[in-house]
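User: I would like to go through this model by question and answer. Please start with the terms, then move to the details.

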Amino acid sequence: MKCFVYLIFLKMKMIYKLVFLLFFCLPLWAQENLTALASVSDFQERLKKEAAQISSIESDFTQEKFLNVFNEKIISKGRFYYKQENMIRMDYTSPVDYQIVINGQKLKIVSEGKSNVVNLGSNQMMNEMKGMLAACMVGDLGSMTSAYKLDYYESPALYVVKIRPLSKSVQAYISEIVISIDKKDMSVQTLRLSENADDYTEYHFTNREYNTLTNDEMFVIR
């Protein structure tokens with residue numbers, strides 16, 4: 001979407017960052033030459049068409065977290081779930097068990113057997129970031145607001161969208177988002193969240209399954 005010691009130590013800052021959330025190698029978009037996308041409207045139309053056919057997504061993910069303060073990369077793994085509308089769950093299984101669930105106006109974090117529930121309804125920025133997370137995870141960029149600047153690129157295999165928040169309050173947590181989308185099936189391959197010039201979190205998604213979740217049980221927050 002972690003350095004769990006760092007995230008627990010700075011828990012409130014972590015809550016803001018994780019709501020924005022989503023490998024072992026350099027990002028795919030950095031390995032290939034990118035050119036400006038010839039037709040943004042065609043890309044948006046295809047993405048919208050593909051997204052309309054998806055009611056749920058589940059996949060494995062690998063997260064690479066780099067923190068300049070530690071000067072190292074920390075690798076985490078887990079399982080990602082998304083279900084319409086606005087239900088997201090990330091189960092971290094390595095190096096430690098950790099869970100994040102977003103359902104409507106509520107966010108739940110489970111760590112070391114302890115559960116913490118946060119109400120997002122009263123926080124406009126948190127709501128905006130939650131919507132942004134959903135848009136990035138499933139590639140639904142049509143829901144993006146004018147509060148973000150989007151630049152579109154492509155390589156032979158990928159579409160790449162670079163997103164920069166214009167709000168100073170959001171920039172305090174995220175400076176840039178880069179989404180890499182597979183041209184074959186319009187699935188999100190990687191999601192990179194840059195906090196500043198040095199620190200970033202990058203997610204790689206594999207073994208995707210679509211429209212397999214038949215109920216909301218795993219997203220219930222009590």
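Analyst: A residue is called exposed when its relative accessible area is over 50%, and buried when it is under 20%. The model discussed here is predicted.

User: Which exposed residues does the face of α4 turned away from its buried side carry?
Analyst: On the buried side, α4 has F43, L47 and A51. These three sit on the same side of the helix because they cover an arc of only 65 degrees around its axis. The face turned away from them carries exposed residues, namely D42, E45, K48, K49 and A52.

User: What covers the buried residues of α4?
Analyst: The residues in question are F43, L47 and A51. Their cover includes three strands: β8 (148–154), β9 (158–165) and β10 (176–182).

User: How far does helix α4 reach from its first C-alpha to its last?
Analyst: Helix α4 spans residues 40–52, which is 13 residues. At 1.5 Å a residue, 18 Å is expected, and the model comes close to that, with a reach of 18 Å.

User: Is R89 buried or exposed?
Analyst: R89 is located in strand β4, residues 87–94. Its relative accessibility is 16%, and the cut-off for buried is under 20%. R89 therefore counts as buried.

User: Which residue has its backbone oxygen 2.7 Å from a polar atom of the R89 side chain?
Analyst: Beyond four places in sequence, R89 is in contact with several residues, including R79, Y81, Q99, M218 and F219. The backbone oxygen lying 2.7 Å from a polar atom of its side chain belongs to M218.

User: How does Y153 count at 24% relative accessibility?
Analyst: Y153 is part of strand β8. Buried requires under 20% and exposed requires over 50%, with partly exposed in between. At 24%, Y153 therefore counts as partly exposed.

User: What distance separates the C-alpha atoms of Y153 and N33?
Analyst: Leaving out residues up to four places away in sequence, Y153 touches L34, T35, A36 and L37, among others. N33 is 120 residues from Y153 along the chain, and their C-alpha atoms are separated by 9.7 Å.

User: Where in the protein chain is confidence lowest, by mean pLDDT?
Analyst: The chain averages a pLDDT of 79, and 75% of the residues score at least 70. Strand β1 (residues 35–36) has the highest confidence, at 95, while the lowest mean, 35, belongs to helix α1 (residues 4–9). Over residues 1–31 the pLDDT is below 50, although this stretch has 112 contacts in the model beyond near neighbours in sequence. The element with the lowest confidence is helix α1.

Methods. Residues numbered from 1 in each chain as written. Predicted model: local features only at pLDDT ≥ 70, side-chain atom pairs only at ≥ 80, totals over all residues. Heavy atoms only, no water. Helix = DSSP H or I, 4+ residues; strand = E, 2+ residues; numbered from the N terminus. Buried < 20%, exposed > 50% of the residue type's maximum accessible area, 1.4 Å probe, protein only. Polar contact = N/O pair within 3.5 Å; in protein donor to acceptor, adjacent residues only side chain to side chain. Contact = heavy atoms within 4.5 Å. Expected span 1.5 Å × (residues − 1). Arc of directions from axis to C-beta. pLDDT = per-residue confidence, 0-100.
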